[in-house]
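Hi,

Here is the structure to look over. My notes follow below it.

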Amino acid sequence: MKKKSIFLLAATATLYFNNAYAQETPQDSVKVSSIDQIVITGNSNPKKKIESSTAISTFSSKEIQKQNPISAAALLQRVPGFAVETSGGEVGNNLFARGIPSAGAYEFVQVQEDGLPVFEDGALQFANADNFFRVDNSVSRLEALRGGSGSIYANNSTGGLINFITKEGTNDFKGTAKLETSTYGLMRTDLNVGGALVKDKLFFNVGGFYRSDDGIRKTGFKANNGGQIRMNLKYVFDKGYAKVYYKKLDDRNTFFLPIPLTQDGEKLKGFQGFDPNYGTYSYRAISQLNIPQAGGGFFSRNLEDGIHPKVDVLGAEFKYDLGGNFTVLNKTRYTNINMNYTGIFPAGAPKTASDFATKPIDEGGMGMTSYQYSLVSSGAVVDPQFVQKLGFWAIDKQMNNFVNDLQFNYKFDKGNVTAGFYKSNWKSHQYWNWSNILTTATDRPELLNLVDPSLSSSSVGYSKTYNGVTDMSTLLRDSQIQGSLNDLYLNLDYNVTDALSFNGGIRYSRDFYKGYKVNTTTANLNNSGLTVDGTHGFDTTTADDHMNVLGNQFTYWYYDINKVSYTLASNYKINRENAVYARFSHGFRSPNEEAYYNNIGNLDAVKPVQTNQLEVGYKYYSRTFDIAVIPFYSALKNLSFTDVYSDGTSENKFANTTNLGVEIEGFARLFNNVFEITFNGTIQNPKYKDFTGRNADGSTFNYDGNVVRRIPKFYFNISPAVNITKDWRAYISMNYYGKRFQNEGNTEDNILPSFTEFGAGMSYQLGKIRFAVDGTNIFNTIGITEGDPRSQTVSGTNVRMARPIMGAAARASITLDF
């Protein structure tokens, strides 16, 4: 792979110097001028970006095409204020907005398509919002809002709004077709077409993709396989328009979890037998699970299905001019999701074969005095140096969401008033069946059996495994959560003068949540009549000793919210190119799903997360140079911590946090459009406040003043590009992610080191055909985005469980615009 990295650098350097510089704006310019850009997200009406009193980043379809992000999370790395962990693969990634800590997912931002949520709550257990959304050529643009007015226009969006706006047809028939391949077996096709069925009246757009690849990390199977299609039909009449649309997503994606690394001073390096850039425990040799259940039948699962959502979306949008400066806009959508989620979650760090077998059970061992390992695949006796206990986690989720947003707008000489009613009903039912397996601690793991050779094969407790499974169905969960949201909102835009404007908004939320869980008991298969090998009964193994069984008793819960969110802001446009603004906002985030589950008998302990945010900003936009500098301050109360641990338990702690920081975002086009540079960065100091209490084991903790876990104080992205001619272009990208603490205690043995990731690429425009090569992590950096929140410490060793970014890879594409 070093050769690939050298090739990418050499190719980029060649493009820099082998042609004369351009003397005109290149066709492939990456940035659209911001001075006249119109934004709609977080605003009652479309307005120029410089006149919007919000911190908002925008990306046109052309900009997205040039960046060619490998995932939605990779694209969002270009937004200041968003600390994004991209190491999970194409989906299942985490985003932290303005230093707000969480267990992961998109807990404090709402991901939207055309102004409505992808799913109402983007941080349900194992249902990150990006599981249900893919970036393809049907995206017209992205608008990413931080803080500000997000809480007025959406729920659970105190950190911001991420709005992907889809393409619509015009009178001109247009289309884009793309073919893409890679160094990791990628074959992807994208297609988008749009036009008019009836000129000036009826328009259509259809787009989607299909993709299959082996994954950058070597799984031994198709890591990603599937695609989506989106279509819309829009009818325009004299006083408005009506639009209907449909989306179908059916995609399989492998989810990558922490792997073992070794601590070497302040750096993390590869663990013996494990490639940190390309290795994974999610491997074909351990991909099949088939175990009998205490209630009868078998539970079967295939790791190759990975995260597999089947999403159907049907929506409509209607706008009408009522006369007298009144307009009405109604958006409605129904979303149905069936998702199977299968992943390998390490249960702690690797252990020596001897320690795992002989150490006491309360120290993570099996308490054996004599032991013997063998391969499940062949039965051959082996003596591995290290072994690994892995969680084989299977989750099924059935989810649906009906949402309707009705708003009336009145325009007057000095501004406009918008009043709306937002209604959302959603439900999520989930079933968990988790087991633990035993494997070699290598990046091509093999299943292991462990027996006591001092006993006969018919003796009680002879084996600690059943076909490599150490704990059969050790955790079952059957639960449901429902939300009924009823929100009224009002927004005022008022132009005091041509230069000075005022914005105020308020949202009243009367929301109801309810759910249940099925109580469980434990059982074993000793008297089931089943055998482990055709001869011996299950009394010969301990693997079934603590199997979960769903009971017939249900525990129900109910929770309601009665809250007001509001925001006040002012924008002063100094001249056509300069503006300053200030905004204060107060909002909240409903308790997350795990907080309800953990406190089902005492919901008084659960409170909505309340947020107060203050931001001021300076914006300068011109044809050749943009910059936005936005200092901000945020304070949160009642923040819950709900990481799910390897044994199925989870944290149940609550804290307050504060954060003071500044976001910087800019773009420059220099030397007669020859040189371009885009950059963004965030400097912040997120800290815990009043975070004291008692752990589950009775010990006390005091994290007051500690740095918030997993979030860097400093991170930035910079991407210079050279337009060698009007057709040739080359770029380099640099992504720096600062040092973080893995845990709330900020202990030195759990520091996640800073890292810098480089990418590079080139493109050539030949008429309407674009050829491009894009390389990611070209120096094979071992960049750690997170540790292992399910098993945070490995005392007494230099082994660290962590999740690195993907290794070096390159993609090549051909795009035709027609």
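First, a term: contact means heavy atoms within 4.5 Å. By that rule, residues 24 or more positions apart account for 70% of the contacts in the chain with a separation of 6 or more.

Two notes on the source. This is a predicted model, where local features need pLDDT of at least 70 and side-chain atom pairs count only at pLDDT 80 or more, while totals for chains, interfaces and linings use all residues. Residues are numbered from 1 along each chain as its sequence is written, and side-chain values use heavy atoms, with hydrogens and water left out.

**Overall**

The chain holds six helices and 48 strands. Both are DSSP runs, numbered from the N terminus: helices are H or I with at least four residues, strands E with at least two. The C-alpha trace spans about 90 × 65 × 55 Å along its principal axes. Buried residues make up 60% of the 818. Buried is under 20% relative accessible area, exposed over 50%, partly exposed in between (1.4 Å probe, protein chains only).

**Cores**

A nonpolar core is a set of buried Ala, Val, Leu, Ile, Met, Phe, Trp, Tyr and Cys residues joined through side-chain atoms within 4.5 Å. The largest has 70 residues. Phe82, Leu95, Tyr106, Ile162 and Phe164 have the most contacts inside it. Apart from it lies another core, of 27 residues, including Ile291, Phe392, Ala441 and Val799.

**Second largest pocket**

Its volume is about 790 Å³. A pocket is an open set of points on a 1 Å grid over the protein atoms alone, where a 1.4 Å probe fits, with protein on both sides within 12 Å along at least five of seven lines; lining residues have an atom within 4 Å of a point. Points are joined across faces, edges and corners, and the volume is the space filled by probe spheres set on them. There are 43 lining residues, and Ser61, Asp136, Asn137, Val139 and Lys167 are the closest to the centre. Elements giving two or more residues to the lining include α2 (61–67), β10 (139–146) and β48 (809–817). The lining divides into 13 nonpolar, 13 polar and 17 charged. Here Ala, Val, Leu, Ile, Met, Phe, Trp, Tyr, Cys and Pro count as nonpolar, Asp, Glu, Lys and Arg as charged, and the others, Gly among them, as polar.

**Single residues**

- Gln372 lies in β24 (372–375). It is partly exposed, at 31% relative accessible area. Gln372 and Leu450 are 78 residues apart in sequence, yet 5.7 Å apart C-alpha to C-alpha.
- Lys351 lies in β23 (351–352). Its relative accessibility is 26%, so it counts as partly exposed. Among its contacts beyond four places in sequence are Phe356, Glu363 and Gln385.
- Ser212 sits in β14. It counts as buried because its relative accessibility is 15%.

**Positive phi**

Most residues other than glycine have a negative phi. Asn467 has a phi near 50 degrees. Asn467 is in the loop between β28 (448–451) and β29 (469–495). Asn780 has a positive phi of about 55 degrees. Asn780 is in the loop between β45 (769–776) and β46 (784–786).

Best wishes
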